[in-house]
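Dear colleague,

I am passing the structure on to you below, and the notes that follow it cover pockets, cavities and helix packing. Please read them with the model open beside you.

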Amino acid sequence: MQVASFLTEQLTKWGVKRIYGVTGDALFAWMETLGKQESIQYVACKHEAAAAMMASAEAKLTGRPSVCTATMGPGTVNLLNGLADAWADQVPVVAITGQVESHKLGGGYKQYIPQEDVMRPICKYTTTVTHPDAIGMVLHKAFTIAAQQKGVAHISICKDVFNQVTTAQSVPQLPRVSTAVRPDRIEMEHAAERLLQARKPLLLLGVGARQDAEGCRRLAEQLGAGVLLTLGAKGVMEESHPLVLGGLGEGGSESGLHALAETDLLVILGASWFPRSYIPKQLPIIQVDSHAESIHAHPQLSSVTANLDDVLPLWSRRLETRQLDYAWEEQVEHWHAKFWEETQRLTDQSPDEPIKPETLIHALGNFVKEDAIIALDTGEHTLWFNRAFRASSQLPLFSGKWRTMGFGLPAAIAAKLTCPDRQVVCITGDGGLQMHLAELMTAAEQNVSILLVVVNNATLGLEEIKMKHAGYTPFGVKLRNPDFVLWAKACGVDGRSVQTVEDLQRALNEVRDVKQLTLLDVTCTPPTLSERKKQIPFQAQA
């Protein structure tokens, strides 16, 4: 069997459903094989970075290794931005790239670059296949490492190897990945004692809290604790819950800052994000995480290295005898009401007014379905999403630690292909969309029914705000945008222009049950985000 055929057969047996990529001559033999089968869908992207972002987004949704591909030289290098997103957010992606012929390695040939050297900083595993018999072992190792270590694995295959016959035999299934962490009973009991003693507890939930959302809710209610949600945790608890106080950081709420100023214990569950400048200096902290490398270096922090489903039941039993501090719970509920009022106040606009970004985001919160996937690009609108979107059980999909612009549309495409029965809404800025504007054609080709909402304010809003807050005169941030509606129509996509608050409500009502790819070009006011750091009522961490 030729290597190209083996590769396709093995990926099929391991349950790979899609490969995102851009073809090139180093991949021709494999492309021919892919074109003759129907088990794996090949998603032809317009740019390799978008292909890698799609693979990263799929891995974030499924937790399983996803696959992207590119040709040698510039194709491989173009993958880097999307692969760095998977690396930073610790999700399993396998990148398979073409390379020059094996006898040309190391030479001065066109498009040659030592790919292992390029990929090494963002990969758990990277290697080059120069002999056909190596493909089986290498592919098995790449998938196993990506799945077990939650990161990027990269295989470079020389162009001539694809056509060569291999003696490798396909393996029916991959090894089971163990996610078990052996908890330390003493750690858990010690943390439980501190919970029993705390009179004014506060929880910070991260994306890891999704593994036991009900347990997190139960803990909050047993403690009468206020709950702060990171961006990745929106939807873990519905924000109408009287204990939820909004987010933390620049996308956070005033109520959350007041709660941080008065709490006597912060409990971090499944959150690897730790904004020191928003944490009181002497605040005692308990952090629970299954990955020791995610535990923060903090002199007042006690760590519990364990899965939440081991810790939370034990804590729940220990807390059965704890007496609630009703004064604290009432204070938390008062802050919750203020948090709710803050959003209503910020988004109170008359029908004929131009749309503020916070009004747009809040309106979308009232529009989307409860199980919707919200693909977020990076920009000012991301922070407004954290502040103004009132989640119930929606799932945000975003570039967490890499924070790359241009992630939104590729992520939305992958989300709809991965979860075809769920509503997918993409919220992107005009700057982020322009980075991968060509992928709108990819979306049209794939016939995905996505609502694409463009926050059009003709500026890189977050950068403009940051420059102003730092005392600089904004420069290099203004955008000259195309007519996004005309662009959509040129791609065969329904596009609509939205200018006022009244237009927005009408447009959302019209597209509520639409089952096709639709773009809303929403003209928004200039950036409106206020700086939260100036509102912190306590001495923060350095």
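Helices (H or I, at least four residues) and strands (E, at least two) are taken here as DSSP runs, numbered from the N terminus. The model is predicted, so that local features need pLDDT of at least 70 and side-chain atom pairs count only at pLDDT 80 or more, while totals for chains, interfaces and linings use all residues. Residues are numbered from 1 along each chain as its sequence is written, and side-chain values use heavy atoms, with hydrogens and water left out.

On a 1 Å grid over the protein atoms alone, a cavity is a set of points where a 1.4 Å probe fits but cannot get out, whereas a pocket is an open set with protein on both sides within 12 Å along at least five of seven lines; lining residues have an atom within 4 Å of a point. Grid points are joined across faces, edges and corners, and a volume is the space filled by probe spheres set on the points.

The second largest pocket has a volume of about 360 Å³. It is lined by 24 residues, of which Trp 14, Gly 15, Arg 64, Pro 65 and Leu 174 are the closest to its centre. Two or more lining residues come from each of helix H3 (48–62), strand S3 (66–70), helix H6 (135–149) and helix H14 (408–418), and H6 gives the most, with three residues. By class, this lining has 11 nonpolar, seven polar and six charged residues, where Ala, Val, Leu, Ile, Met, Phe, Trp, Tyr, Cys and Pro count as nonpolar, Asp, Glu, Lys and Arg as charged, and the others, Gly among them, as polar.

The largest cavity, with a volume of about 40 Å³, is lined by Gly 252, Ser 253, Phe 339, Glu 342, Thr 343, Leu 346, Arg 387, Arg 390 and Arg 532. Helix H11 (residues 326–346) supplies the largest share of that lining, four residues, and the lining divides into two nonpolar, three polar and four charged residues. The second largest cavity has a volume of about 30 Å³, and among the residues that line it are Gly 247, Tyr 278 and Arg 532; its lining divides into four nonpolar, five polar and one charged.

Turning to helix packing, axes are lines fitted to C-alpha atoms, for helices over the stretch in contact, and angles run from 0 to 180 degrees between N-to-C directions. Contact means heavy atoms within 4.5 Å.

The axes of helix H8 (residues 213–223) and helix H10 (residues 308–318) come within 10 Å and cross at roughly 30 degrees. H8 is therefore roughly parallel to H10, given that angles under 35 degrees count as roughly parallel, over 145 as roughly antiparallel, 65 to 115 as roughly perpendicular and the rest as oblique. Gly 215, Cys 216, Arg 218, Leu 219 and Gln 222 of H8 make the contact with Leu 308, Leu 312, Trp 315 and Ser 316 of H10, and by class this contact has five nonpolar, three polar and one charged residues.

H10 also packs with helix H7 (residues 185–197), where the axes come within 10 Å and cross at roughly 45 degrees, and the two are therefore oblique to each other. Among the residues that make this contact are Met 188 and Leu 195 of H7 and Val 311 and Trp 315 of H10; by class it has eight nonpolar, no polar and five charged residues.

Finally, helix H1 (residues 3–13) and H6 pack at an angle of about 35 degrees, with their axes 11 Å apart. Val 3, Phe 6, Leu 7, Gln 10 and Leu 11 in H1 meet Ile 135, Gly 136, Leu 139 and Phe 143 in H6.

Best regards
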